Amino acid sequence: MDLLLNTLVDKGLRRELPTREEALAVLATSDDELLDVVAAAGKVRRQWFGRRVKLNYLVNLKSGLCPEDCSYCSQRLGSKAEILKYTWLKPDEASKAAAAGVAGGAKRVCLVASGRGPTDRDVDRVSQTIEAIKEQNEGVEVCACLGLLSDGQAGRLRSAGADAYNHNLNTSEGTYGDITTTHTYADRVETVQQAQAAGLSACSGLIAGMGESDADLVDVVFSLRELDPDSVPVNFLIPFEGTPLAKEWNLTPQRCLRILAMVRFVCPDVEVRLAGGREVHLRSMQPLALHLVNSIFLGDYLTSEGQAGQADLDMIADAGFEVEGAGTTTLPRHRAAAGGGCGSHDGGCAPCGDGDTATSAEDSTSTEVQAARTDLVAVRRRGAGTDLAPNA
């Protein structure tokens, strides 16, 4: 065990890719070894990001009524989840929502819209929103997440002032067809590559727990390493009632920490973001995750509520970390110099956020799953699309 962790730390400090066997071994560690795993991955995290935590804030520009059939998503075609449903926010409404997140300490605002992908008119609308947000919030980063992009749209978003574009791979190529049939894994890869080609900072991650094996998790993280996004959001499925995965409660806090550690070892110098599902599945062990990730979402998600924004800030401070300021470059110098954009988030149905599913029989080392905490799944009823103040 010590040999494995020492090897992984050495490789992480050199930005060297672990072997697949080493990555799988991290997921197979026991609960008795968990703190050693966290400590080892924490050394890699501190090497590249110190004790800084970047805060990101989601604005759901258009909620629900998506034509795609992503099984994990509360906004999917045929979803019976009782979420907020509304059409496009006006630029001033979105800018007001974004300002609440910035006031709460967010360095990046993530503009998300449900749907297969934007029309050219949608891109114009989002461009106006980006301009409004940047005009009223000096220095803020803006990431768009609008689904699959058509030719030229990434460049138009970049020209409008977008800093980044998010489109998650979500799961391995081999299992992608099991969760979505209305578009392909290759479609997602192409959109990330279009964003990169346009000079946008690419953001692409995964949802853990959707019936995949350890090998599938390693596959998607290795694919992300090859795709080389600047930021990698890690979501843990939120099993919404009214979706096909509503009964899938198979994650433990320990399992989540092992997954985050594996991602950090494979992607040592990228912005690893703890995204949807952290409150539901990590619960009281969220502070330990800060030793593995260097970025989180502040407040609420797309269609679900997160813990209070002030609780996020208190957790960061109590764990001995600090909020990353607007004047700090997120990425290590070698990545920023390589054209990684501003230094880095959820297109398609659920960019960063409403993701979790069953773990497979291969995950025999995981702790026995506890009773489902359905009480922790709270549908968002405040913020964008409502008359109530947002959580930030």
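Leucine 65 is exposed in this predicted model, with a relative accessible area of 66%. This residue lies in the loop between strand 1 and helix 4. Leucine 65 is not a glycine, yet its phi is positive, at about 60°.

Arginine 15 also has a positive phi, near 60°, in a residue other than glycine. Arginine 15 belongs to the loop between helix 1 (2-14) and helix 2 (20-27). With 39% relative accessibility, arginine 15 counts as partly exposed. A glycine with positive phi can be found after helix 8: glycine 199, with a value near 90°.

**Confidence**

The chain has a mean pLDDT of 89, and 91% of its residues reach 70 or more. Over residues 341-368, pLDDT stays under 50. For that stretch the model has 149 contacts beyond four places in sequence. Where pLDDT is low, the predicted coordinates should not be read in detail.

| Helix | Residues | Number of residues | Span, first to last C-alpha | Expected span |
|---|---|---|---|---|
| Helix 5 | 120-136 | 17 residues | 25 Å | 24 Å |
| Helix 8 | 185-197 | 13 residues | 19 Å | 18 Å |

The span of helix 5 is close to the expected one, and the span of helix 8 is likewise close to its expected value.

Which residues of helix 5 are buried? They are Asp122, Val123, Val126, Ser127, Thr129, Ile130, Ala132 and Ile133. An α-helix has 3.6 residues a turn, so residues three or four places apart point the same way. The buried residues of helix 5 pack against strand 1 (52-62), helix 4 (91-103), strand 2 (108-113), strand 3 (141-145) and helix 6.

In helix 8, the buried residues are Tyr185, Arg188, Val189, Thr191, Val192, Gln194 and Ala195. Their packing partners are helix 6 (153-159), strand 4 (164-166), helix 7 (176-179), strand 5 (201-203) and helix 9 (214-227).

**Nonpolar cores**

The largest nonpolar core has 99 residues. Val59, Leu157, Leu206 and Phe236 have the most contacts inside this core. Helix 10 (residues 253-266) gives the core its largest share, nine residues. Apart from this core lies another, of 10 residues, including Val112, Ala275, Phe297 and Leu302.

Leucine 302, from the core of 10 residues, sits in the loop between strand 9 (295-297) and helix 13 (309-318). Leucine 302 counts as buried, at 0% relative accessibility. Leucine 61 is 241 residues from leucine 302 in sequence, but their C-alpha atoms are 9.2 Å apart in space.

**Cysteines**

How many disulfides does the model have? The count is zero, with a disulfide taken as a pair of cysteine sulfur atoms within 2.5 Å. For cysteine 143, the closest cysteine sulfur is in cysteine 110, 4.9 Å away, and therefore too far for a bond. For cysteine 203, the closest cysteine sulfur is in cysteine 143, at 5.2 Å, which is also too far for a bond. Cysteine 143 counts as buried at 0% relative accessibility, and cysteine 203 counts as buried at 1%.

Notes
Residues numbered from 1 in each chain as written. Predicted model: local features only at pLDDT ≥ 70, side-chain atom pairs only at ≥ 80, totals over all residues. Heavy atoms only, no water. Helix = DSSP H or I, 4+ residues; strand = E, 2+ residues; numbered from the N terminus. Expected span 1.5 Å × (residues − 1). Buried < 20%, exposed > 50% of the residue type's maximum accessible area, 1.4 Å probe, protein only. Contact = heavy atoms within 4.5 Å. pLDDT = per-residue confidence, 0-100. Core = buried A, V, L, I, M, F, W, Y, C linked by side-chain atoms within 4.5 Å.
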